[in-house]
Amino acid sequence: MLDRRKLLLGSAALALSGCKVFDSATDRDSALRNLFASHEGLTRAAQRAVIGDRLAPEFSEADIRQGQRPNGSVNPDGAEYRRMAGTGFRDYRLTVTGLVDRPQSLSLANLTALPSRTQITRHDCVEGWSCIAKWQGVPLGTVLKLAQPRLAARYAVFQCFDAIERSLSGEVFYYESIDLIDAFHPQTILAYGMNGAPLPVANGAPLRLRVERQLGYKMAKYVHTIELVDNLAALGSGNGSYWADRGYEWYAGI
Amino acid sequence: MPQGPLVYRQRLPTRITHWLWAVSLFFLMLTGLQIFNAHPSLHIGKEAGFDYDNAILTIDAVEKDGALRGVTRVFGAEFDTTGFLGASNGEARAFLAALTIPSKPSLATGRVIHFFFAWVLVGTMAVWLAASALNGHLRQLLPTRADLRALPRDIADHARLRFHLSAEYTVLQKLAYASVLFVALPLMILTGLSMSPGFNAAAPWLPDLFQGRQTARTIHFLTMVALVGFFAVHMAMILLAGPLNEMRSILTGWYRTEEGKDA
């Protein structure tokens, strides 16, 4: 209740400011918001047209000047995750399911035995900062091919161990999705190594997604399940990702 | 009041694009400050230094004697900016509520509105460039050699607030408008695109051109400051040169010139 009162008092103070008139745009159901949000389709179409299958810029070892700044969840506290972290993720399994002919359950050993890709890339957070790090992992396309996607599959959905929020209806675990254009891009990897060491817990151990041509929030950490689907309506509130359900763009190329 | 003949100075595409810019830049600036508030520092380089310092500007809130103070650091010099930058209305936020759209912190909403008007700006640029190339407005803007020779006199006249109301722009007007349209706005678009991880794949040379994504972000911000400076001078000139005549000109195209000038 106190928070609610603070919020009301805060709103009253803000009402004095000039730009309050556009605050209705924060309401995701308002016509104003929908008008402004119409840019997303145009942005995606335009970017896809000019980018094609080109690679994100890669950097040199000399460009790695600091550790990778962790953001969002940095230490999931679920019992299952804690138990696995305590034993070096020995019994971790990545599940690949959904619209596939051969569902997979892969251990870290299975994943590291597959051909890997190492890339030094720049991580751009939606907040505005960037950080350069070296990522090692297995191309997502390689893992998806093992599972043999069906023709109907259009999106890869990532389910994660980190509960980023606790609501009345229970814990909300991080979820994210990308389309198969990005899923099969050569730089899209499931990373298990960072800056020459195993992926730290703060950065998403044991496995995180790297989608180098989009913003940081697309790169789900603590991934345990990849599901191929033909639409995103059933996921969260239907916008395709945890942050898309909270007003951010699903396509985060800008 | 000038008593000379009325001249038709700005054509319809010039007037319409002028107002589209005015509206777009208003939203782009205030949503830009909202976006900036999510990471209120500016850096030089490819990345933001966390384990090392490459910031030229940081805006923080610090607790001091039980009160929230805004602290702004520019090139190492520290200023107390409570009420305006860092902390305002008892809240920790870089730019105060009155300068952001929406007024409350919402990075997602700021981004959605910012990119909407970024498209409006780019579309307006394209229409303006095509129309101006066809109707001769581009030539109206580019200073001639005679203009440049008249530059010292024009500066002296402006300094004495002696304005020449003629059908043609004066050389300082030409230089001001041309540097906004051919330097500042393209720079805004290019530094903006440099920050897009998607567009970086299409044009990796673009962030390199600006010496890294974070430097591009800093230039994006500084160009905004320059545009605010242009806006302030633009408003002052309108007020000093005769606001009714100037407004009529940018709304209807018709401009009252001085007697005996460019009739």
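Predicted model: local features only at pLDDT ≥ 70, side-chain atom pairs only at ≥ 80, totals over all residues.
A crossing is left-handed if the near helix is turned anticlockwise from the far one by less than a right angle.

**Entry 1: helix 6 and helix 9 of chain B**

I began with helix 6 (residues 171–194) and helix 9 of chain B, and their crossing is left-handed. Their axes are 9 Å apart and the packing angle is about 150°. Angles over 145 degrees count as roughly antiparallel, so I noted helix 6 and helix 9 of chain B as roughly antiparallel to each other. On the helix 6 side of the contact I found, among others, Ala176(B), Tyr177(B), Val180(B), Leu187(B) and Met188(B). Helix 9 of chain B brings residues including Ile219(B), Thr223(B), Met224(B), Leu227(B) and Phe230(B). Sorted by class, this contact of helix 6 with helix 9 of chain B has twelve nonpolar, six polar and one charged residues.

**Entry 2: helix 1 and helix 9 of chain B**

Next I looked at helix 1 (residues 12–36) against helix 9 (residues 213–241) of chain B, where the axes come within 11 Å and cross at roughly 135°. That makes helix 1 and helix 9 of chain B oblique to each other. Here, too, I logged a left-handed crossing of helix 1 and helix 9 of chain B. From helix 1 of chain B the contact uses His18(B), Leu25(B), Met29(B), Leu33(B) and Phe36(B). From helix 9 of chain B I listed Arg217(B), Phe221(B), Met224(B), Leu227(B), Val228(B) and His234(B). The classes in this contact of helix 1 with helix 9 of chain B come to eight nonpolar, two polar and one charged.

**Entry 3: helix 1 and helix 10 of chain B**

I stayed with helix 1 of chain B and checked helix 10 (residues 243–252) of chain B: the axes are 7 Å apart and the angle is about 105°. Helix 1 of chain B is therefore roughly perpendicular to helix 10 of chain B. Arg15(B), His18(B) and Trp19(B) of helix 1 meet Met247(B), Ser249(B), Ile250(B), Leu251(B) and Thr252(B) of helix 10 of chain B. I counted this contact of helix 1 with helix 10 of chain B as four nonpolar, three polar and one charged.

**Entry 4: between the chains**

How many residues does each chain give to the contact? I found 52 residues from chain A and 42 residues from chain B. The area buried between chain A and chain B is about 4100 Å², with 64% of it from carbon and sulfur atoms. I found three salt bridges across the interface of chain A and chain B. I also noted the salt bridge of Asp63(A) with Lys46(B), at 2.8 Å from N to O.

**Entry 5: salt bridges overall**

I picked out Asp179(A) with Arg48(A), whose closest N and O atoms are 2.8 Å apart. Asp179(A) sits in strand 6 (residues 170–179) and Arg48(A) in helix 3 (residues 39–51) of chain A, so this pair ties together parts 131 residues apart in sequence.

Most residues other than glycine have a negative phi, and most peptide bonds are trans. With that in mind I jotted down some exceptions.

- Ala205(A) and Pro206(A) are joined by a cis peptide bond with omega about 5°, and Pro206(A) lies in the loop between strand 8 and strand 9 of chain A.
- The bond from Ile101(B) to Pro102(B) is cis, with omega near -10°; Pro102(B) is in the loop between strand 7 and helix 2 of chain B.
- Tyr222(A), not a glycine, has a positive phi of about 55°, and I located Tyr222(A) in the loop between strand 9 and strand 10 of chain A.

Conventions: Residues numbered from 1 in each chain as written. Chains lettered and ligands numbered in written order. Heavy atoms only, no water. Axes fitted to C-alpha atoms, helices over the stretch in contact; angles between N-to-C directions. Helix = DSSP H or I, 4+ residues; strand = E, 2+ residues; numbered from the N terminus. Parallel < 35°, antiparallel > 145°, perpendicular 65-115°, else oblique. Contact = heavy atoms within 4.5 Å. Nonpolar A, V, L, I, M, F, W, Y, C, P; charged D, E, K, R; others polar. Buried area = accessible area lost by both parts, 1.4 Å probe. Salt bridge = Lys/Arg side-chain N within 4 Å of Asp/Glu carboxyl O.
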